[in-house]
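The paragraphs below go through a structure step by step, from single residues to the whole assembly. Please keep the sequence and the 3D view open while reading.

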Number of protein chains: 2
Amino acid sequence: MTTREVLREAKAATGALALLGSEEKNRALLAMAEALTGEQEAILQANREDLAQAEANGMPGVMLDRLRLTEARIAGMAQGIREVAALPDPVGAVISRVERPNGLVIEKVRAPMGVVAMIYESRPNVTSDAAALALKSGNVCVLRGGKEAFGSSSAIVRALRAGLRREGFPETFVNMVLDTSRAGATELMTAVGLVDLLIPRGGAGLIRACVEQAKVPCIQTGTGICHIYVDAAADPRMALDIVDNAKTSRPSVCNAAEVCLVSREIAPVFLPMLAERLTSARAAAGKPPVELRLDREAAAIIPGVPAGEADFDTEFLNYILAVRVVADVQEAIAHIAAHSTHHSEAIVTGDAHAAELFTAAVDSAAVYVNASTRFTDGGEFGLGCEIGISTQKLHARGPMGLEELTTYKYVIHGSGQIR
Amino acid sequence: MTTREVLREAKAATGALALLGSEEKNRALLAMAEALTGEQEAILQANREDLAQAEANGMPGVMLDRLRLTEARIAGMAQGIREVAALPDPVGAVISRVERPNGLVIEKVRAPMGVVAMIYESRPNVTSDAAALALKSGNVCVLRGGKEAFGSSSAIVRALRAGLRREGFPETFVNMVLDTSRAGATELMTAVGLVDLLIPRGGAGLIRACVEQAKVPCIQTGTGICHIYVDAAADPRMALDIVDNAKTSRPSVCNAAEVCLVSREIAPVFLPMLAERLTSARAAAGKPPVELRLDREAAAIIPGVPAGEADFDTEFLNYILAVRVVADVQEAIAHIAAHSTHHSEAIVTGDAHAAELFTAAVDSAAVYVNASTRFTDGGEFGLGCEIGISTQKLHARGPMGLEELTTYKYVIHGSGQIR
């Protein structure tokens with residue numbers, strides 16, 4: 001089937017899915033979860049073939065691990081679907097209601113988008129997560145996973161569709177694109193009228209391609225050059241814990257910190273503590289030390305690598321931290337405005353005025369006072385789930401849960417009103 | 001100044017505008033209103049030159065009237081700005097607040113977009129409306145009006161900026177693009193990182209160009225092929241009033257009806273009433289009669305022009321109505337799904353079940369039961385103002401007021417939390 005045909009089938013299924021009530025959608029989800037474990041042998045077999053192929057192609061170990069499925073991982077995916085079933089249904093919720101002087105009752109009601117397309121990379125579990133979140137929010141999904149995981153994703157989609165069929169639902173509620181070429185991705189990005197929302201999840205290259213080429217509504221996700229500003233009025237121990245956590249707890253994720261800005265006033269006290277904690281203490285504990293890339297002023301206080309220009313514009317996703325000394329919160333705000341990807345930034349300070357200025361002026365999806373940037377996450381924000389983290393301002397910003405997969409419409413009841 | 005330079009100045013002004021409180025913004029707005037009337041001679045002079053040029057170029061009378069400014073119209077524009085000042089400020093409103101078990105307090109706070117660019121056509125009053133709505137919502141605007149109104153718009157922007165300066169605000173809160181060529185519009189559409197939101201207001205050609213070319217976040221506005229379905233259970237008199245109003249009260253606007261679908265059961269009663277009201281009664285009253293373009297089944301009941309295929313996919317914006325007989329509400333829903341531009345649709349019925357099915361299944365910005373589609377309007381919806389009507393599903397749908405010109409950010413307060 002061509003991508004166009006898949007999209008047409010998906011579009012045709014939107015009407016039926018939009019009309020399903022919460023109980024029916026949950027019944028579909030539970031059937032999908034059951035089918036996933038029921039068909040786990042076929043899924044594991046397809047995954048073994050993907051792995052063998054990837055290994056033969058020289059895929060690095062970290063990536064192989066992302067691609068690998070096990071009984072436990074499949075059970076986790078099924079459990080994930082059941083958890084989505086347990087979440088509240090966003091569709092049909094009345095966001096606001098107004099009765100006008102002319103008697104018209106105007107309700108703003110949450111509604112599905114229609115067809116949600118998702119382009120993602122190697123982790124096959126995204127396939128079942130995305131299918132479940134789309135279905136719960138009343139959307140038909142069109143999935144396009146990574147080429148390396150094609151066999152695994154296909155087997156997962158076959159299982160999910162078998163579950164839907166068994167309960168009498170159209171299998172076209174969940175769809176997968178068979179063309180994993182770059183042209184296939186472009187086709188999704190330009191399918192005006194057939195794709196109501198496109199969510200790319202992946203590296204900077206994929207996101208850039210979407211911004212450049214998409215003609216359908218699209219959400220930018222993920223890239224995070226996150227900053228932590230340690231203010232003159234910071235508790236240095238708290239600042240140390242926050243920078244350490246934001247940098248080292250999971251450096252490969254988008255909410256990890258990449259840049260630490262330090263107030264000139266506190267730098268002589270704080271920077272030596274930072275260097276000790278991130279380099280020598282970690283080395284002594286057998287952990288990978290953090291490479292500090294220092295501006296000239298920081299380099300005069302602690303040892304490290306001199307920072308190049310690019311170091312303040314790079315998402316390292318690794319044990320590297322760029323460090324710059326700034327005059328004050330104003331200069332920190334200006335630096336962030338010039339270099340941030342508008343994901344997550346934090347200030348550590350005991351000064352309420354500095355905190356207020358920082359949260360008002362920093363134009364990012366999540367702005368923290370005295371906490372780690374690592375909390376930018378659907379689960380941590382209490383959304384119950386997450387389809388991605390938007391770094392754009394249109395529609396959704398920050399962690400996207402079920403509500404962010406919906407739109408709204410106005411439903412107006414009258415008794416013959418004319419204008 | 002090049003468009004790029006205008007955009008850079010605009011971007012540089014966003015920080016200062018985002019930090020202004022409601023009182024300061026209102027002070028700026030009132031100064032803008034005052035300057036508009038203060039400089040009305042210069043504005044009227046520029047407008048006379050635009051009009052002379054347009055007339056020499058053979059612009060039709062209706063368009064000349066749109067372009068024409070008078071003392072009264074300028075007073076109306078100034079009054080419009082004062083009304084925007086009186087509206088509640090959307091910025092800073094806390095949309096939701098949650099305290100997490102770990103003590104983090106997460107607030108979702110309404111924030112400005114940054115730079116809002118607007119491309120519009122000949123009416124010069126849009127210039128002051130758009131500037132006022134953008135400023136009130138904390139956004140720096142970049143305006144690009146029609147070539148024919150260039151002198152008028154320039155004079156208006158000069159006045160607005162003079163008002164800003166007089167009160168000590170940067171004049172770069174309101175900006176205008178000097179390049180009115182097509183390439184200039186494309187430059188706005190592709191200024192990634194400099195335009196946070198683009199709103200095209202104009203004909204189908206402009207909207208299509210934006211969908212095709214825009215790489216910045218963009219809202220589609222305006223095109224409306226609006227349907228009214230007269231159900232078997234409709235009160236025929238109510239249906240008649242609604243169709244008449246939706247078609248003839250102002251046929252040139254996007255919320256006017258273009259298509260009437262009639263249930264087969266009621267067609268023999270309703271269609272003759274419709275033909276009488278829209279054609280002979282109007283002619284007798286000296287009003288332009290409505291041309292009825294009829295499908296075969298309707299043509300067997302009343303006189304009219306046989307409908308061609310295109311008639312059910314055309315925004316006539318004129319005294320023309322396409323009429324089709326359908327079996328029932330299901331067939332009406334299917335017709336609308338195939339032909340609508342997702343703006344506004346109405347059902348006229350006394351059957352609650354049919355109404356419920358219609359409102360649930362029709363995928364449009366505004367879905368009416370027993371009321372005219374003409375109510376799709378910011379003022380009629382109680383938003384107090386309107387920057388346009390979105391026919392897309394991402395971000396904003398239907399009439400866009402001040403809130404729809406904003407985004408949100410998460411502001412998180414902690415006491416040293418790490419993950």
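Leu317(B) is partly exposed, because 16 other C-beta atoms lie within 10 Å, and a residue counts as buried only from 20 or more. This residue sits in the loop between β10 (305-306) and β11 (320-326) of chain B. Its backbone is worth a look: Leu317(B) has a positive phi of about 55° although it is not a glycine. Most residues other than glycine have a negative phi.

Asn370(A) belongs to a strand, β13 (residues 366-371) of chain A. Is Asn370(A) buried or exposed? Asn370(A) is buried, with 23 other C-beta atoms within 10 Å.

These positions come from a predicted model, and the confidence values should be read with that in mind. Chain A has an average pLDDT of 95, and 100% of its residues score at least 70. For the complex, the predictor gives an ipTM of 0.94 and a pTM of 0.93.

Chain A is split into two domains: domain 1 covers 3-220 + 392-413, and domain 2 covers 226-375. Their C-alpha centres are 35 Å apart. Within chain A, strand β7 (residues 226-230) runs parallel to strand β8 (residues 257-263), and five bridges join them. One of the residues involved is Val230(A), whose bridge partner in β8(A) is Val262(A).

Both of these strands are part of an open sheet of ten strands with mixed pairing, in the order β10(A)-β9(A)-β11(A)-β8(A)-β7(A)-β12(A)-β13(A)-β16(B)-β2(B)-β1(B). At the edges stand β10 (305-306) of chain A and β1 (94-99) of chain B; each has a single partner strand, so one side of each is left without a neighbour in the sheet.

How many residues of chain B are in contact with chain A? There are 57, and they touch 57 residues of chain A. On the side of chain B that touches chain A, the elements giving two or more residues are α9 (204-213), α10 (236-248), α14 (352-361), β13 (366-371) and β16 (406-417) of chain B. The largest share, eleven residues, comes from β16(B). By residue type, this side of chain B divides into 28 nonpolar, 18 polar and eleven charged.

How are the chains related? A rotation of 180° with 0.0 Å of shift along its axis superposes chain B on chain A, with an RMSD of 0.0 Å. This is the relation of a two-fold axis. In chain B, the C-alpha nearest the axis belongs to His395(B), at 1.8 Å from it. The copies meet through the same surface, because 100% of the interface residues of chain B are also interface residues in chain A.

A last stop is helix α5 (residues 71-86) of chain B, where Gly76(B) is found. Gly76(B) counts as partly exposed, with 13 C-beta neighbours inside 10 Å. Between Gly76(B) and Asp179(B) there are 103 residues of separation in sequence and 28 Å in space, C-alpha to C-alpha.

Definitions and conventions. Residues numbered from 1 in each chain as written. Chains lettered and ligands numbered in written order. Predicted model: local features only at pLDDT ≥ 70, side-chain atom pairs only at ≥ 80, totals over all residues. Domains from an automatic or database assignment. Contact = placed C-beta atoms within 7 Å. Helix = DSSP H or I, 4+ residues; strand = E, 2+ residues; numbered from the N terminus. Nonpolar A, V, L, I, M, F, W, Y, C, P; charged D, E, K, R; others polar. Least-squares fit on C-alpha atoms with pLDDT ≥ 70 in both. Buried ≥ 20, exposed ≤ 12 C-beta atoms within 10 Å, placed from the backbone. pLDDT = per-residue confidence, 0-100. Pairing = 2+ DSSP bridges.
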